[in-house]
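Student: I would like to learn how to read the inside of a protein model, one feature at a time. Could you guide me through it?

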Amino acid sequence: MNANVNIHAPAAPSDANVGAWLKILARYRQPRMARSAFELIVTLVPFAAFWAIAYLSLANGFWLGLAAILPAGAFLLRLFMIQHDCGHGSFFARRGLDDWTGRLIGVLTFTPYDYWRRAHAAHHATAGNLDERGVGDITTLTIEEYRALSPRGRLGYRLYRHPVVMFGIGPAWLFLFKQRLPFGMMKDGALPWISTMGTNLGILAFSALMIWAVGLVPFLVIHLPIVLIAGAAGIWLFYVQHQFEETHWSKGDEWQFPQAALHGASHYDLPLALRWITGNIGIHHVHHLASRIPYYRLPEVLRDHPELAGIGRITLWESLSCVKLALWDEKSGKLLSFREARHALAAT
């Protein structure tokens, strides 16, 4: 971008001018075909290479080589970020090419592309809206809603929000079981069923081929941990991108898409290497405001418009404290821990 890009930009993002950023960010929507193809190659090839290293290590009794499962999981996560961009139509900006790339990647990520894309579109359309929770989101209750639950309901919510469940049991349940059927869209027509069943058939074909090539035990020992590592990392990223103290939630006429997009998603300011392997998804506030921007162009936005970088910014270290957050306080407009919510209630 040249130096005159900022001439017509608002001086600083605020509720009064945030809508103007929609026009500004539209300039970054066009993907570069060669760059997109390159991004796919430099993600898929290392994934396959680390998978092969893990298998050769296992086959030759070199157990330390199984550590290759970790980078393989990281590159599978990056493949999911490409699948994610395909779902927004932003990776190649050619609907058919994006869709089939996303569907094929979905066999590796255990994620039915069209089913996921519909749920994710609902997430983008309703993020931060207290009246529209439930599709493609991490379940979040207000303090008053939590207080209205039965003791059993409170226990269930506490267990759901526990880190062991959220980032341990959760990924296994989601990627191995839940996404095998179109839960939440069982009566929404044929597409969710075609997507999930087609992906299941693809997973079976891929698994059969790999089991034939390397054997059942090596396949399970290598590929399942890779999927679970990538899944846990993906859920962590999704969690941190919306479950931070200064996030934005509102209801009724108070909810407006631009404000909810820009202030309801974080700028997860990761170290450079983690930024690359996660497909710049940490620049999530910009992504929510303009989801058609290819992930590799998001850094251009912050470079040309540094005033956006400070909105919702959290560092890797700061993100660790987000784990305790669980309840939305409508009075203070903040996400609180169970303990903080208890103290807030005691003070009223």
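Student: Which residues is W51 in contact with, leaving aside its neighbours within four places in sequence?

Tutor: Before the answer, note that this is a predicted model, in which local features need pLDDT of at least 70 and side-chain atom pairs count only at pLDDT 80 or more, while totals for chains, interfaces and linings use all residues. Residues are numbered from 1 along each chain as its sequence is written, and side-chain values use heavy atoms, with hydrogens and water left out. Contact means heavy atoms within 4.5 Å, and with those sequence neighbours set aside W51 is in contact with A72, M210, V214, F219, I222, H223 and I226.

Student: Which residues have the most contacts inside the largest nonpolar core?

Tutor: In soluble globular proteins, nonpolar side chains tend to be buried together. A nonpolar core is a set of buried Ala, Val, Leu, Ile, Met, Phe, Trp, Tyr and Cys residues joined through side-chain atoms within 4.5 Å, where buried means under 20% relative accessible area, exposed over 50% and partly exposed in between, with a 1.4 Å probe and protein chains only. Here the largest such core has 56 residues, and F47, W51, L76, I222 and I226 have the most contacts inside it. Among the elements that each supply at least two residues of this core are α2, α3 (69–87), α10 (216–242) and β4 (325–329); helices (H or I, at least four residues) and strands (E, at least two) are DSSP runs numbered from the N terminus. Another core, of 16 residues, lies apart from it and includes W21, A261, L302 and I311.

Student: Is S36 buried or exposed?

Tutor: S36, which lies in helix α2 (residues 33–59), counts as buried because its relative accessibility is 0%. Its side chain reaches the backbone oxygen of F91 at 2.5 Å. Not counting residues up to four places away in sequence, S36 touches P31, F91, F92 and Y296.

Student: Which residues lie nearest the centre of the largest cavity?

Tutor: On a 1 Å grid over the protein atoms alone, a cavity is a set of points where a 1.4 Å probe fits but cannot get out, and lining residues have an atom within 4 Å of a point. The largest cavity is lined by 13 residues, of which H123, G128, D137, H242 and W249 lie nearest its centre, and α10 gives the most to this lining, with three residues.

Student: Which helix gives the largest share of the lining of the second largest cavity?

Tutor: That share, three residues, comes from α3, and the residues lining this second largest cavity include M81, H84, D85, T278 and Y295.

Conventions: A polar contact is a pair of N or O atoms within 3.5 Å; within protein, one must be able to donate a hydrogen and the other to accept it, and residues adjacent in sequence count only if both atoms are side-chain atoms. On a 1 Å grid over the protein atoms alone, a cavity is a set of points where a 1.4 Å probe fits but cannot get out, and a pocket is an open set with protein on both sides within 12 Å along at least five of seven lines; lining residues have an atom within 4 Å of a point.
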